[in-house]
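Have the structure open as you read.

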Amino acid sequence: MRWSAQELDVEQPSTLPGLARLSNLVRSVQTPEFAGMTFHEVLAKSALNKVPSQSAMPFEWTINPYRGCSHACVYCFARPTHSYLDLNTGEDFDRQLIVKTNIAEVLRAELRKPSWQRHPVALGTNTDPYQRAEGRYALMPGIIDALAASGTPFSILTKGTLLRRDLAKIADAARTVPVSIAMSIAIYDDALQQSIEPGTPGTTARLATVTAVREAGLNCSVFLMPILPFLTDTRAHLDEALRRAHAAGASSVVYTALFLRPGVREWFMHWLGEEHPELLPRYTQLYAGGAYAPKEYRRWLADRIEPLIRAHGLLRGETSAATGGVALPGTIRAKPAFAAPPAEPEPTLF
């Protein structure tokens, strides 16, 4: 697709003071195909990000081709990263996107350094590498080629069905380096999914992508996260989610409850007040102690979902030291399946 005749070069230092301070900003671009969005093209100084040693993440290195995400997930934990550029964590995060146009070139240079020890690299841990902007900029093919050529293992986590464009390339890479693929599919109610993840492909399309990954000879985990208290934690919703994940061919399932850090909490609560105001008091109580759901809730959730995971013949995903992503089936010991117990009443605490 040709874009040059449709570009509008727009620099907005008066409205984007943080971006105006960036020494590596090349231009700001708007196009009719992405109405309401602005791409701020920058020249990256580095591609590999070292995860702080105190982090609990299962990987040491990440690559983020974009900052901000058009998927516009209300609950996205990466929203606060926009505040570093004096951009708000709400609509700016969804519409003002930073694009590292030279990231593949910079990455190749970093991977050639004698000091690089071919540590596993994770993609999709902050903002989605296969969001809509990737259809315009096509940064991922160069990144995949660079990682594979250098012998560097990698993992990809995405909601984007555009992943299918690169499946042949990823499968080729997997012949020489460990590769881990996961699709994030948290919501199995179409109306709720479109409300809280308005810029994402639908659940059915993402499940079809899981199947496509498996047909390409790759493993694919489903990230059932976040699970939303009082919205997607019912037995019926979880059972349907796991049934469909299994039917799509998911290799394993990873789950966790909603995490509401500052900068995300406010945006999520605003959405909740508009869409489900009856739940505001319950969420206020549940998250009164901080960003994490309380241990009691997480224990209750585990007691509910773990039997369902096994009943559907799925594996609980575990992290892999080889890729920084989800361990491949065979490295996880499967527990025998058994029928889910009868429904129990909701705990009074929640």
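Start with Leu-224. Setting aside its neighbours within four places in sequence, Leu-224 is in contact with Ile-185, Ala-186, Tyr-188, Leu-238, Ala-241, Leu-242, Val-253, Val-254, Tyr-255, Thr-256 and Ile-305. Keep in mind that this is a predicted model.

How many residues make up the largest nonpolar core? It has 91, and Leu-224, Phe-268 and Tyr-283 are the ones that touch the most other members.

## Helix α12

One of Leu-224's contacts, Ile-305, is among the buried residues of α12. This helix covers residues 295–311, which is 17 residues, and spans 24 Å from its first C-alpha to its last, close to the 24 Å expected at 1.5 Å a residue.

The buried list for α12 reads Tyr-297, Trp-300, Leu-301, Arg-304, Ile-305, Glu-306, Pro-307, Leu-308, Ile-309 and Arg-310. So what do they pack against? The partners are β11 (221–227), α9 (235–248), β12 (252–257) and α11 (280–286). After α12 comes Gly-313, with a positive phi near 70 degrees.

Ala-293 sits in the loop between α11 and α12. Is Ala-293 buried or exposed? Its relative accessibility is 2%, so Ala-293 counts as buried.

Leaving out neighbours within four places in sequence, Ala-293 is in contact with Ala-257, Leu-258, Tyr-287 and Arg-298. Take Leu-258: 35 residues separate it from Ala-293 in sequence, yet the two C-alphas are 6.9 Å apart in space.

## α3 alongside α5

Two packed helices are described by the angle between their axes and the distance between the axes. For α3 (residues 103–111) and α5 (residues 140–150), the axes come within 8 Å and cross at roughly 10 degrees. The cut-off for roughly parallel is under 35 degrees, and α3 and α5 are therefore roughly parallel to each other.

On the α3 side, the contact is made by Ile-103, Ala-104, Leu-107, Arg-108 and Leu-111, and α5 brings Gly-142, Ile-143, Ala-146, Leu-147 and Ser-150. By type, the residues of this α3 and α5 contact split into seven nonpolar, two polar and one charged.

## A buried aspartate

Asp-94 belongs to helix α2 (residues 91–95). Its relative accessible area is 11%, so Asp-94 is buried.

Which residues does Asp-94 contact, leaving aside neighbours within four places in sequence? They are Met-37, Cys-69, Ser-70, Ala-72, Arg-79 and Trp-267.

Technical notes:
Residues numbered from 1 in each chain as written. Predicted model: local features only at pLDDT ≥ 70, side-chain atom pairs only at ≥ 80, totals over all residues. Heavy atoms only, no water. Helix = DSSP H or I, 4+ residues; strand = E, 2+ residues; numbered from the N terminus. Expected span 1.5 Å × (residues − 1). Buried < 20%, exposed > 50% of the residue type's maximum accessible area, 1.4 Å probe, protein only. Contact = heavy atoms within 4.5 Å. Core = buried A, V, L, I, M, F, W, Y, C linked by side-chain atoms within 4.5 Å. Axes fitted to C-alpha atoms, helices over the stretch in contact; angles between N-to-C directions. Parallel < 35°, antiparallel > 145°, perpendicular 65-115°, else oblique. Nonpolar A, V, L, I, M, F, W, Y, C, P; charged D, E, K, R; others polar.
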